[in-house]
Each structure stands twice: as C-alpha cells, then as structure tokens.
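Please look over the sequence and the model below before reading on. The paragraphs after it are meant to be read with the structure open in a viewer.

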Amino acid sequence: MPSSVSIYDSAAIDRLRAELKFEPRRLRALRTVYFKKFLGNEAALAELPEEVREPFAQRVVFHPLAVAESADSQLDGATKLVLRTTAGYAIETVIMRTGTGRVSLCVSSQVGCAAACGFCATGQMGVAKNLTSAELLDQVVLAGEHMCNEERAVRNIVFMGMGEPFHNEAAIYEAITALLAPELFHYPPRRILISTVGIPDAMLRCARRFPALNLALSLHSARQATREKLIPLAAKYPLDDLRAALAQLHEIQRQPVMIEYLMLAGVNDSLADAADLAAWLEGLDVHVNLIPYNSIAAVPNWQTTERPERDAFATVLRKAGFVVTIRYSLGADIAAACGQLVQTENRQLAQQQAMSAQ
Ligand code: SF4
C-alpha cells in the first residue's frame, strides 16, 4: 500500500500531484483554500479534478492533530483549543481576540518544556517532547478554521505557548519557512513572533535566517540569581551573554526586541529591580512588556504584583526612556497560561510510556 503524506510536506505533495497526473494550477487552488482561506479539507479537495479527489484524500493526512476540547473565556476574548497529537499527548493553542479587533494565535512548540520555569505549568510537566513542523502548522490551520466560523482571520502568530521554541529549532524554522511561503500561508514576517527564555546563539541564528521576524526575550529579572530562581535554564545562559546577543541582534534586525517581564510580588517587582532593569537595558533598542501573573495551582505561593506597584515599576522604566506596555494575561478563567489544562494528563502518559519501554 502506498504510504501516506502530510499536507504540510510540500515536496511530497508535489510528487503526489505528478503521480496522480493533475494540473499544477489545481494543486495551487487547493493550497489557497486550505492554507490561506482556512476553509477546511473538504472545500480544498473540491478544487481538484473529480477523478483524483478520492485517491488524493486517501493518501494525504490533513490534520496530524485532533481537536479534543475548546474553551471560551467568559472574561475576555480568549479561546483555548486543546489538541491531541497522534502519540496521545495534549497540547494547547490559544486564540486571543484583542480589544482592537485583531486576533493573535499563541502556538505551542513542545509537549512540556525542559526550561522548567518555576512559575509555569508546562515547566512542571516533567516531559519535553518536540512537536513536528506539521504539528506546529496544524495549530495555525485548526485555529484558522475555528476563526473562519466567525468570519475573522488570525492576524498575528506568536510562538509563546507550551515549550521553548529554540529547543525545537529545526521544526520551528521549517514551520516558519512554510508560514512565509507565498504558495502556502504567505504570512508577513512582521506578524510572526518567537518568544524565548534566552538562548543567545539560537536567537542570533534565527535573526540571521529571518531578519524581519519579531523576537521576544522572557527576561523576568536583570539579576542573575533571581533569574535563575525563576528560570533554571538561565544558569546556562548568563545575563552578560544575553545582553551581548541583544546588541548583536540590533545590528542584524534594526527593529526593537520585545522584553517580556512577568511581574511577581516580592520576587522581581521592587523599584530597585526596575532600576536594575533600566540599567541592564541601557543603550538597547527594546520594548518592555510587563505581564501580570496568572497564578497556577502547582505554585500557589507566587502571586502577581498589584496595580500600584506595577505602575510605579513602569514609571521607573519610562523615565529612563523605554517604551513600556502592560499586557494583561488573557483567559484567566480558562487557565490560558501555558500548559495548565493538560499538565497532569501529559505527565501520566509520559510515565506510562516510560514504564512500558522498560
Ligand atoms: S515559561 Fe515557557 S520556557 Fe518556561 S517552562 Fe514554561 S513553556 Fe517553558
């Protein structure tokens, strides 16, 4: 029996077209319907000559992920899709409808995460498995199809969900290449953002390869000891190396890097922390984003900074000349902070698989 091919494997799909002997323009039409209009696989197949629809459909896997659950926030415009991989793991993709009417999609890059940040449900899963590029792209398509029902489209794609994108570099680059490709998704690079806890070499590699793409650094503290407490991986990548990478990035990209700063009461939110941050950022082209914290059950002791302290922190940075925004976490009532819904389930599945492998 001939092997099946993924709709996201362009070279294999081109070979299948040649094998089934239908015109290239029919495949282009299918791709437009599937990747740009998000009308689904049935509508896409309707673009093919009738006699090849069935053989094409039998050979092609359209969705490597299955939608297991969808939860709408009653507080704001977030929708969380829980998606299942063929191996049985659950991942989350979050659709964020902002006040301006724009829609952003928060894509997961891994099941679990080896960065093991103490404040993050994904980091507590005790698993770290890379998603394939097809699984990354399928999140975009499934969210696009979801939004199609509302006659809206996903405008921005942020790799800020479960996982550290630069621990899955090859699949991320493959997916971004497809997202930018005119014959596939054709997203403008300025509408794609990769958020990392800070792996300097990878940040530079990414910027060289995709200079117009946006990068965000989850800094969370300009003090090495505090940063390591929040992000264990930070011990491997000291602040001095990160700062040097940010300076080099500016040479390559000539656009500001987003600095993400999660605000945790009594941990990293004092005025002295703000002054240290301003000093650390001096001379860099950055935009600082202060993020109120969504508490998670796994670490109930950490709480978000209250508004007056948050505003005072922002004032210190603004007086130092930085552009500062405060981003409210969307979907607090549906546990939209990454990995919260699927944490226990994935940990159990990983344990079962480890035991059956023994
Ligand atoms: S915050 Fe991001 S990098 Fe840190 S553990 Fe969670 S998913 Fe990984």
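This is a predicted model: local features need pLDDT of at least 70, side-chain atom pairs count only at pLDDT 80 or more; totals for chains, interfaces and linings use all residues.

Residues are numbered from 1 along each chain as its sequence is written, and side-chain values use heavy atoms, with hydrogens and water left out.

The protein chain is assigned domain 1 (5-61) and domain 2 (66-354), with bounds that come from an automatic or database domain assignment. Taken over C-alpha atoms, the centres of domain 1 and domain 2 are separated by 33 Å. Across the boundary, twelve residues of domain 1 are in contact with 14 residues of domain 2, where contact means heavy atoms within 4.5 Å.

Both domains also take part in the second largest pocket, since its lining draws at least three residues from each of domain 1 and domain 2. On a 1 Å grid over the protein atoms alone, a pocket is an open set of points with protein on both sides within 12 Å along at least five of seven lines, a cavity is a set of points where a 1.4 Å probe fits but cannot get out, and lining residues have an atom within 4 Å of a point. Grid points are joined across faces, edges and corners, and a volume is the space filled by probe spheres set on the points. The second largest pocket has a volume of about 180 Å³, and of the 14 residues that line it, Tyr8, Asp9, Ser10, Glu174 and Ala178 are the closest to its centre. Helix H5 (133-148) and helix H6 (169-180) each supply at least two residues of this lining, and H6 gives the largest share, four residues; helices (H or I, at least four residues) and strands (E, at least two) are DSSP runs numbered from the N terminus. By class, the pocket lining has seven nonpolar, four polar and three charged residues, with Ala, Val, Leu, Ile, Met, Phe, Trp, Tyr, Cys and Pro counted as nonpolar, Asp, Glu, Lys and Arg as charged, and the others, Gly among them, as polar.

The structure also holds one cavity of 30 Å³ or more. The largest cavity has a volume of about 40 Å³, and its lining consists of Leu246, Leu249, His250, Gln255, Val257, Leu284, Asp285 and Val286. Helix H9 (residues 239-253) gives the most to this lining, with three residues.

Turning to the backbone, most residues other than glycine have a negative phi. Phe38, in the loop between helix H2 (24-36) and helix H3 (41-45), has a positive phi near 55 degrees. Phe38 counts as buried at 8% relative accessibility, where buried means under 20% relative accessible area, exposed over 50%, and partly exposed in between (1.4 Å probe, protein chains only). Ala116 likewise has a positive phi, of about 55 degrees, and lies in the loop between strand S7 (110-112) and strand S8 (128-130), but Ala116 counts as partly exposed at 30%.

Finally, Arg327 lies in the loop between strand S14 (323-326) and helix H12 (343-357) and is partly exposed, with a relative accessible area of 29%. Not counting residues up to four places away in sequence, Arg327 touches Met160, Glu260, Asn289, Leu290, Ile291 and Pro292.
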